[in-house]
Amino acid sequence: MFQSIDPATGMPGATFAELTDAEIEVRVARAQQTFVEWRLTDLATRSALLEKIAEAFEADKRRLAEIATREMGKTLKSSLAEVEKCAAGFRYYAQNGPAMLEPRRVAVPGGTATTHYLPIGAVLAVMPWNFPYWQVVRFAAPTIMAGNVGLLKHASICQGVAAAIEEMIIAAGAPAGLFQNLAIKSGKVAALIADERIAAVTLTGSEEAGSKVAAAAGAALKKVVLELGGSDPFVVMPSADLDLAAKTAVTARIQNTGQSCICAKRMIVHADVYDAFLERFSAGMKAVVAGDPMDGASDMGPLSSEEQRQTVVDQLAQIEAAGGRLLFGGEALPGKGAYMSAGILVDVPIDHPAAQEELFGPVAMVFKADSIDAAIALANDVPFGLGASVWTNDASERDRFARDIASGMMAVNKMLASTPEAPFGGIKRSGHGRELGSHGLHEFMNLKTVFD
């Protein structure tokens, strides 16, 4: 049984029954049967369905947003924006997917070779709670467009969202087995991956979960895409617009209450502007209002659970014990709900294990760098390589950062964000493979070359 808990109040919400093994078998068999038929549908049919799903999300966005806010605590305005982004994601593949799936012909000695993009089967997705709709749509939209079918194992605390997504897709006219929610716990995942009817697996989550899923997929010789943790650097150089950089840094750190893989977590500031930036950044972080996520005046809601808040509190204590200094904030707020104040850490020993981990809460670490070389070294001195944000108006510095910061994505003079048009993913312990864009569509397809 899954029990929903509202992290803003600590009060229990809806309950959801866990699937039995027999019920799981029914769904997997249904997925396989549906794939046999769906793979043969024309691209226009797939596009039309995705457009209808997009319209359904738009029409019901308020209800969908409220489910997410009550299950994991993000502000209602953030939940609404997420649902709207999901509609845009479905629509992007509806409008652009057919062109991405057109065969590609090249000349080869003695003739031509044509690459055909063919579906492979059922894709199992293991998804997290922090962006409970968007993370799922990042796999679901290209899966449907590709001619595959999807099976979702969502986070335990987001079963309402998981059920709502399946409901919306079916209501839009999808065959019953095209996209199915599996209300199961993590212990059931390995057996599913081993099932010959599962063609591939994608996971967004922790390093530990990614390692287990990758091991199971490797043992079964199946394709896997992993989007894991991040400790993204936010690098500020002397030529940057400090006012804009500091203002953006606040949003980049506290979005989703700091619970985003691509949140800016480590502010790396050139010594020449360190004091000026820290003054501006501190003022912005002190002004952040943590409150009722249903209230439009709240900048951020609670963390996703009491357990998640305690994890962050414990990490901060470890960093402080090793010499880090909490300038302000980073405290569990009194009263009901998993609320926490926004804060800033300085003097963090970069080699301490806690400083090398992902800090999944609204507290930023600020570092000083004496040169661009030092800034790049600090940016790369973690096991992660998901995203980065760099602030400079020097073209040569921009080129250095693009070449030398070890990450899968980088934003220049703006906050990093995902978008349906561009590939999303990281390197090192942030995972491998890509979602979104044409890359996300082709990840789980058979690129079949036919020599003519």
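# Pockets and helix packing

The second largest pocket of this predicted model has a volume of about 490 Å³.

User: Which residues lie nearest the centre of the second largest pocket?
Analyst: This pocket is lined by 27 residues. By class they are 13 nonpolar, eight polar and six charged. Nearest the centre lie Lys85, Phe131, Gln255, Asn256 and Met415.

User: Which element supplies the largest share of the lining of the second largest pocket?
Analyst: H4, H5 and helix H9 (242-254) each supply at least two residues of this lining. The largest share is four residues, and it comes from H4.

User: Are H4 and H5 roughly parallel or roughly antiparallel to each other?
Analyst: Helix H4 covers residues 76-100 and helix H5 residues 134-146. Their axes come within 9 Å and cross at roughly 20°. Angles under 35 degrees count as roughly parallel. H4 and H5 are therefore roughly parallel.

User: Is the crossing of H4 and H5 left-handed or right-handed, and how does its contact divide by class?
Analyst: The crossing is right-handed. H4 brings Glu82, Lys85, Cys86, Gly89, Phe90, Tyr93, Gly97 and Pro98 to the contact. H5 brings Trp134, Val137, Ala141, Pro142 and Met145. By class, the contact residues are nine nonpolar, two polar and two charged.

User: Are H2 and H5 roughly parallel or roughly antiparallel to each other?
Analyst: Helix H2 (residues 43-59) packs on H5 at an angle of about 155°, with the axes 8 Å apart. Angles over 145 degrees count as roughly antiparallel. H2 and H5 are therefore roughly antiparallel.

User: Which H5 residues meet H2?
Analyst: On the H2 side stand Leu43, Arg46, Ser47, Leu49, Leu50 and Ile53. By class, the contact has eight nonpolar, one polar and one charged residues. The H5 residues that meet H2 are Ala141, Ile144, Met145 and Ala146.

User: What is the volume of the largest pocket, and which residues are closest to its centre?
Analyst: The largest pocket has a volume of about 940 Å³. It is lined by 32 residues. Closest to its centre are Trp129, Gly205, Ser206, Glu207 and Ala209.

User: Which helix gives the most to the lining of the largest pocket?
Analyst: Four elements each supply at least two residues: helix H7 (189-194), strand S8 (198-204), helix H8 (207-219) and helix H11 (306-321). The lining divides into 16 nonpolar, 11 polar and five charged residues. With five residues, the top contributor is H8.

Definitions and conventions. Residues numbered from 1 in each chain as written. Predicted model: local features only at pLDDT ≥ 70, side-chain atom pairs only at ≥ 80, totals over all residues. Heavy atoms only, no water. Axes fitted to C-alpha atoms, helices over the stretch in contact; angles between N-to-C directions. Parallel < 35°, antiparallel > 145°, perpendicular 65-115°, else oblique. Left-handed = near helix turned anticlockwise from the far one by under 90°. Contact = heavy atoms within 4.5 Å. Nonpolar A, V, L, I, M, F, W, Y, C, P; charged D, E, K, R; others polar. 1 Å grid on protein atoms, 1.4 Å probe; cavity = no way out; pocket = protein on both sides within 12 Å on 5 of 7 lines; lining within 4 Å. Points joined across faces, edges and corners; volume = space filled by probe spheres on them.
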